[in-house]
Amino acid sequence: MAERVSGPYRGYYISAAARLVPAAGAQGTDSTDGTNGTGGTYVGSVSLAELGPDDAHRMETLLDLGDQQRFGSEEEALAYVEQAARDYVDRLLGGKS
């Protein structure tokens, strides 16, 4: 699993995470980085916090990620969910400033 924290963006810290979901039927793998040839896709998740990345009072909500919810790489998943969080903050605060 990879995680990236950015911010503050308009007062919020964004914690984006990506984890590998092995392909159906992939068993007996020792690798956690997806390089063992078994295949799989990455799933991204994100959380927001106002007081910093270690703030226990994180904002939790479901974000519509559109059609794409699985990704071919960690970087793709991280970038996509981070942008979804920025878009959410923009909507929450009434547009970009």
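A: E82 counts as buried, at 10% relative accessibility, where buried means under 20% relative accessible area, exposed over 50% and partly exposed in between, computed with a 1.4 Å probe on protein chains only. The model is predicted, so local features need pLDDT of at least 70 and side-chain atom pairs count only at pLDDT 80 or more, whereas totals for chains, interfaces and linings use all residues. Residues are numbered from 1 along each chain as its sequence is written, and side-chain values use heavy atoms, with hydrogens and water left out.

A salt bridge is taken as a side-chain nitrogen of Lys or Arg within 4 Å of a carboxyl oxygen of Asp or Glu, and by this rule the count comes to four. One of them joins E82 to R4, with the closest N and O atoms 3.1 Å apart. Because R4 lies in strand β1 (residues 2–9) and E82 in helix α1 (residues 74–92), this pair ties together parts 78 residues apart in sequence; helices (H or I, at least four residues) and strands (E, at least two) are DSSP runs, numbered from the N terminus. R4 is partly exposed, at 26%.

E82 also forms a salt bridge with R86, at 3.2 Å between the closest N and O atoms, and these two residues lie four apart in helix α1, about one turn of the helix. R86 is partly exposed, with a relative accessible area of 22%. R4, E75, E82 and R86 are linked in a network of salt bridges.

The side chains of D90 and R10 likewise meet in a salt bridge, 3.0 Å from N to O. This pair links distant parts of the chain, 80 residues apart, with D90 in helix α1 and R10 in the loop between β1 and β2 (12–22). D90 is buried at 7%, while R10 is partly exposed at 24%.
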